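Visitor: Could you walk me through this structure? I am new to this.
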Amino acid sequence: MVAAQAIDRRPGPPTFAVGRFAYRLVVALVFAFMLMPVVFVAWVSFFANEIVTFPPQGYTLSWYTRAWANRAFTDGFLTSIQVGLFSMVAGLILGIPASFAIVRGRFPGREALNALMLSPLVVPGVVAGTAIYIYFVQLEIWTDVRFVATLPGLVAAHVMLTIPWTVRLISASLVGVDRSIEEAAMNLGATPLTTFLRITLPMIRPGVVAAAIFSFIASFTDLEMTLFLIGPGRSTLQIALLQYLEWKFDPSVAAVSFVQVTIIGIGLLVTDRFVKLSKVV
Amino acid sequence: MSEVVLTRVSKHYGNVAAVREFSFTVQQGEFVALLGPSGCGKTTTLRMIAGFIPVTSGRITIGTKDVTHVPPHRRNTGMVFQGYALFPHMTVAQNVAFGLEMRKVPKAEAAPRVEEALRLVRLEGYGERYPRQLSGGQQQRVALARALVVQPEVFLLDEPLSNLDAKLRHDVRIEIRQLQRKLGLTTVFVTHDQEEALTVADRLIVMNKGEIEQIGTPEELYNRPRTHFVADFLGKSNFFSGRLEGEGIFRTTGGTALRFAGPASAGASLVAVRPEKLRLVPVDSTAEVANTARARVELVTFLGAIIETIVRLESGETVTVHSQNQTIDRHYPVGSDVLVTWGADANLILEEPAPQPA
């Protein structure tokens, strides 16, 4: 971009024009490549034929109504929303103090703790899912309390997915908070708690909002880890889609996916109003 | 407003003493400046008064109350921070009202007080703006209003002018001084700028390496520095090392005999002379002055109101002379021979030897 603008300012020899064209072409192709799956999913969701073939025999909205009528999808959707919201809130409650400790604390092992908090990002979901499943089964044997295929069990596992996002994003905001502003509040008579609620929290709000949205998305879209932790009568939307695909390959899956993409896209746009995501992520 | 008393206050970080055995009383309504180079412990001292840094040992009282172990939010000090530290998500009026809100002052009573405070710093009508919409000088005045509106017992200023440009710094400095006088504020002001300290404070505390070097009025400190550090840090000085030689005579290591007035302790080995106390006169001058030395001009620097001339005495010592830029004084070109003259009272006998180069 920068290079292109720099060249734009003065007309150069023809080789520059060729270079500029090639550059823009590459950028356009990269974007097209990245957007291709979304575009196809959206397109396919309107196909009239039951087996997806090209070219389509016509267009219809009926896959959206059929998907809406499918109990597995609507139940899965509700479960996903529930799990997503609970793990988002739990992730924030745990992630905010953890961020304070990591950014403000002076103790040995601070860097290691930071790395540990981010580690779920690099553990494959299948591995984490298996490990958590075995752990839950052990817990069930010891305590006689059910964990697998329960809402608390799912939320507990999903918090692991949200923690890296909350810690990373909130730490980034917290680093930018001038300590003397908090000191000024205390100097004016605010207790540490009041200072946190009235001064610090509003100042890190962009990070908290971004953390909330990304946590929710991380939880909502997870498939691999969740696969091990669901059971009869409790399944997330991603699992419901996978199970549906085992028997059928009709455009209703595309319709559900496109609704998901739209919801997440709106979520990101809303976040962007509070905080320029490129600055925090 | 109350007096502030620090009794043998120390702050150690591990084995390092940031502040050592600091004892001092700020009288009610007095303006005291803590002055010293960075790392001398002046800000640490201020932050201990505010309660942000716990003391390692010693006692701090504000008025009649021992606040040594009282948390900052219950100390009733009003602090102005170097970077202003305004609350960015609140308007100017909300910033100023914050302290009153914390003190549970009813809104009906708080509003006129906020207005009054903003009028005091000449920012009436700015209440609805946000800090980012104000200039540096205006933000600084909001910080002043915010600290003053709660009627603190002590007013604490941590290098409040260092982020302002030179002209503004001068204006705000005068403003702070006038406010302080008008409201009779007990004030502690931290700065590394000696000119700032000299012009605003009733008394100065010069600090060095966590300890008090000297305490006094600006005149006392400038005219009677006791140590090499003070003579060097406050204003400029020429230094002569040597030893006492009989009554009122100090012999420099270069061999120059300096006549001084007043007492001197037997071991005195260092003399300071302010550059503006020295005069350059023609070599044929016959005026009766206590100290006269032949010298050759080595460098002349034009500083505007002042002409700085560096001369080398016949003994080999170089001396800096400041003369007023006035047409009646003669100026001497580089290489010319002159007489340097100064009175006996210009020779300041210091109490300690010059620091040895490490």
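Guide: Two strands count as paired if DSSP finds at least two bridges between them, and strands (E, at least two residues) and helices (H or I, at least four) are DSSP runs numbered from the N terminus. This is a predicted model, in which local features need pLDDT of at least 70 and side-chain atom pairs pLDDT 80 or more, while totals for chains, interfaces and linings use all residues. Residues are numbered from 1 along each chain as its sequence is written, with chains lettered from A and ligands numbered from 1 in the order in which they are written.

Visitor: OK, which residue is the bridge partner of I310(B) in β18(B)?
Guide: That partner is T320(B), and β17 (residues 306–313) of chain B pairs with β18(B) in the antiparallel sense over 7 bridges.

Visitor: And what is the strand order in that open sheet?
Guide: The 5 strands run β15-β19-β16-β17-β18 in chain B, with antiparallel pairing. Because β15 (279–281) and β18 (318–324) of chain B each have a single partner strand, they stand at the edges, and one side of each lacks a neighbour in the sheet.

Visitor: Switching to helices, which residues of α3(B) does α2(B) meet?
Guide: Taking contact as C-beta atoms, placed from the backbone, within 7 Å, A93(B), V96(B), A97(B), L100(B) and E101(B) in α2(B) meet A110(B), R113(B), V114(B), A117(B) and L118(B) in α3(B).

Visitor: What does V96(B) contact, leaving aside neighbours within four places in sequence?
Guide: Its contacts are V114(B), A117(B), L118(B), V142(B), A145(B), R146(B) and V149(B).

Notes:
Two residues are in contact if their C-beta atoms, placed from the backbone, lie within 7 Å.
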